[in-house]
Amino acid sequence: YSGSRVQVNVSGLATPTRSEGTLIAYNGIVPNSTTVSAAGNAPNLGRGWKQDQITGSGEVNFYLSSSAFFTVRAGAFRDKFADTGISQTTNYTYQISAIGVAGVPANLQLPIGTVNTPRAQITNFDTTQRTFTDLNYNQSFQALGTHRVKAGYGYQHVVNDVDSAYPGGYVDLYWGRTFTSLVSGVGAGTGTYGYYAVNNRGTVGQASASIHSLFIQDAWNVTDKLILNLGLRTEHETVPSFREGINAFDFKFKDKLAPRLGATYDVRGDGTFKLFGSWGRYYDWTKYELARGSYGGDIWTIAYRSLDTTDIGSLNLSNMPGRDLWNPSVANSVRDRRVPNFDSTDPGILPMYQDSTSIGAEYQVGSNSTFGAHYIHNQLGRTIEDLGGLVDGNEVYVIGNPGGGELGSITPTSGATKA
């Protein structure tokens, strides 16, 4: 719609995508071979995924006068991914060969790498929804030259809701082997046929947060030859977690002040020879992958039990017979390999930013040719990383800014990774 003082634009897009069938993985010792039988690979034939994306947006321009107008933009985006056609059978994998292990039935005496069904993490849903609203005001006026000022406020809200895990977990079988616990005082243990481990691994939960932004910029024609572009942007960003009632961290407006300036000079005043340059600081939004991986979304626990049964197809998260070999003094004890980083996040963590510098020249040679030279330099001034090492056989991370911060260092007991 377009009127004398109001202009309206609306758009929408729906993109449904479907895929069926998954190629077999070559995991054998011999090149181009697999340890999976044709029957074991059969579930992959119908394995696929679906993804539905919907986008909608609208813009309304209000023309207040010949030198001023106000713009409202709003929109929403939704992306939902899900796996399809994956077997709900809990996978087991021979991590050790059962051939020659005393008491194991002949039909189970199979080599290392034997599986009953392909191991597959099932994403029941992974949904991301983003809504945004932008309010912008534009004004032109004369004051020591001509100014075109634009100022505004922005708001966006993002929600990620995910349920992705292995059906019934997945089981690793260690035929005829003894397990040694890392818990002090527990020691080693085994069962009639060795031991097994049931892994509960996936990404589960919901996280949501908002970002508020403010900006002002001015395109200032100081003279007929000189144009300055001046601006300042800032944001208040909350980084969520996948644990209810607590956020990962929070960046205030003062933490994300981003000045920008540029200039263009018309040397001859006729547009044939121009010099230009700009500098700006740009802050990135913290990706939700950090919240998923380090603040409660990703889970990975392992239960270690003695293997006293040959009914290995019945083993899963709901059925774990045998003695607890990890920590018998605690009921249903598990090894937690994805402890959230709430207590190991630098309290002085600061947002990622990049500085960008650009300078150049452009010269018109004749009526049909232009010669130009352009130099761009981008420098990452700060980033956010998980800084990790191995402590007592477990992955240990701190979240902070590499090269700075208040957390000090991690000294791993093995490996060469330090932070």
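Trainee: Is Gly-388 buried or exposed?
Mentor: In this predicted model, Gly-388 is buried, because its relative accessible area is 12% and buried means under 20%.

Trainee: And which element holds Gly-388?
Mentor: Gly-388 is placed in strand E19.

Trainee: How far is Gly-388 from Ile-112?
Mentor: Along the sequence, 276 residues separate Gly-388 from Ile-112. In space, their C-alpha atoms are 31 Å apart.

Trainee: Let me change topic. What is the volume of the largest pocket?
Mentor: The volume of the largest pocket is about 450 Å³.

Trainee: How does one find such a space at all?
Mentor: A probe the size of a water molecule is rolled over the atoms, and this shows where empty space is left.

Trainee: Then which residues lie nearest the centre of the largest pocket?
Mentor: Those are Gly-293, Ser-294, Val-339, Asn-341 and Tyr-397, out of 20 residues that line the largest pocket. Helix H2 (288-294), strand E19 (385-391) and strand E20 (394-400) are the elements that each give two or more residues to this lining.

Trainee: How many residues of that lining are charged?
Mentor: Nine are charged, while six are nonpolar and five are polar.

Trainee: Now the whole chain. How many helices and strands are there?
Mentor: The chain has two helices and 20 strands.

Trainee: What about its radius of gyration?
Mentor: The chain has a radius of gyration of 30 Å, whereas a compact globule of 419 residues would have one near 22 Å. Along the principal axes, the C-alpha atoms fill a box of roughly 95 × 50 × 50 Å.

Trainee: What share of the residues is buried?
Mentor: Of the 419 residues, 33% count as buried. The chain exposes about 22800 Å², and 54% of that area is supplied by carbon and sulfur atoms.

Trainee: What share of the contacts joins residues 24 or more positions apart?
Mentor: Such pairs account for 68% of the contacts in the chain with a separation of 6 or more.

Trainee: On to backbone angles. What is the phi of Leu-144?
Mentor: Leu-144 has a positive phi of about 55 degrees, although Leu-144 is not a glycine. Leu-144 sits in the loop between strand E5 (122-142) and strand E6 (146-165).

Trainee: Why does Leu-144 count as exposed?
Mentor: Leu-144 counts as exposed because its relative accessibility is 76%, and exposed means over 50%.

Trainee: What does Gly-145 contact?
Mentor: Gly-145 also belongs to the loop between E5 and E6. Apart from neighbours within four places in sequence, Gly-145 is in contact with Trp-220, Asn-221 and Val-222. Gly-145 and Leu-226 are 81 residues apart in sequence, and their C-alpha atoms are 10.0 Å apart in space.

Technical notes. Residues numbered from 1 in each chain as written. Predicted model: local features only at pLDDT ≥ 70, side-chain atom pairs only at ≥ 80, totals over all residues. Heavy atoms only, no water. 1 Å grid on protein atoms, 1.4 Å probe; cavity = no way out; pocket = protein on both sides within 12 Å on 5 of 7 lines; lining within 4 Å. Points joined across faces, edges and corners; volume = space filled by probe spheres on them. Helix = DSSP H or I, 4+ residues; strand = E, 2+ residues; numbered from the N terminus. Nonpolar A, V, L, I, M, F, W, Y, C, P; charged D, E, K, R; others polar. Rg over C-alpha atoms; globule rule 2.2 N^0.38 Å. Buried < 20%, exposed > 50% of the residue type's maximum accessible area, 1.4 Å probe, protein only. Contact = heavy atoms within 4.5 Å. Areas by Shrake-Rupley, 256 points an atom, 1.4 Å probe, with all protein chains shown as cover.
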